[in-house]
Amino acid sequence: MSQKTVLVTGSSGHLGCALMLTLPELGYHPIGIDILPTSTTTHVGSITDTEFLTSIFKQYTFHSILHTATLHKPHVGSHSKSDFISVNITGTTLLLEHASSASPPVKSFIFTSSTTTFGRALSPAPGKPAVWINEDVVPKPKNIYGVTKIAAEDICELIHRQTGMPVVVLRT
């Protein structure tokens with residue numbers, strides 16, 4: 001049985017690094033991309049760089065994509081709203097477009113979102129118990145991170161509807 005090649009974005013981050021180290025034990029061949037060179041990054045580059053993504057998709061046939069690259073909540077104070085839009089929305093869109101047009105097709109695209117998307121929806125009314133989160137809770141983001149993650153989730157759903165590529169959103 002041949003190993004399935006998996007693209008892991010954000011391979012230098014906490015989750016991406018863990019995936020890069022765990023996937024081989026599960027029989028997968030991970031290819032890690034990140035803007036930071038580390039031992040778990042195969043190729044250094046940004047998901048916002050179309051030429052970089054095109055070169056990666058020309059080099060490999062991916063079974064799955066685990067998209068963990070992001071500007072996240074700690075970056076709210078150090079990065080502009082435009083930076084968040086570029087990485088979290090545009091970068092995700094470019095990655096989805098490359099994945100959905102790959103030949104042979106990518107079998108699964110897993111987008112790592114965040115419970116930060118719930119934002120103010122997590123806060124109970126005064127005197128009320130904690131909020132129970134289920135599929136009916138409508139996100140009410142508190143910051144640009146939450147806003148961009150919701151937008152990226154919506155783009156994931158759009159690409160799935162338009163192309164049929166299997167896409168899963170995980171709010172970790």
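This is a predicted model: local features need pLDDT of at least 70, side-chain atom pairs count only at pLDDT 80 or more; totals for chains, interfaces and linings use all residues.
**Entry 1, salt bridges.** I looked up how many salt bridges the model holds, and the count comes to 2. I took the pairs one at a time.

I found the side chains of E153 and R171 joined in a salt bridge, with N to O at 2.6 Å. E153 belongs to helix α4 (residues 144-163) and R171 to strand β6 (residues 167-171), so this pair ties together parts that are 18 residues apart in sequence. I then checked accessibility for both residues. E153 has 10% relative accessibility and counts as buried. R171 is partly exposed, at a relative accessible area of 31%.

I noted a salt bridge between R161 and E157, whose closest N and O atoms are 2.9 Å apart. Both residues lie in helix α4, and their spacing is 4 residues, about one turn of the helix. R161 counts as exposed at 55% relative accessibility. E157, at 40%, counts as partly exposed.

I traced the strand order next. The open sheet is formed by 6 strands with parallel pairing, in the order β3-β2-β1-β4-β5-β6. Its edge strands are β3 (43-44) and β6, each of which pairs on one side only. I noted again that R171, from the salt bridge with E153, lies in β6.

I looked at how β3 is held to strand β2 (residues 28-34): the two run parallel and are joined by 2 bridges. In this pairing I found I33 opposite H43 of β3.

Technical notes
Residues are numbered from 1 along each chain as its sequence is written. Side-chain values use heavy atoms; hydrogens and water are left out. A salt bridge is a side-chain nitrogen of Lys or Arg within 4 Å of a carboxyl oxygen of Asp or Glu. Buried means under 20% relative accessible area, exposed over 50%, partly exposed in between (1.4 Å probe, protein chains only). Two strands pair if DSSP finds at least two bridges between them.
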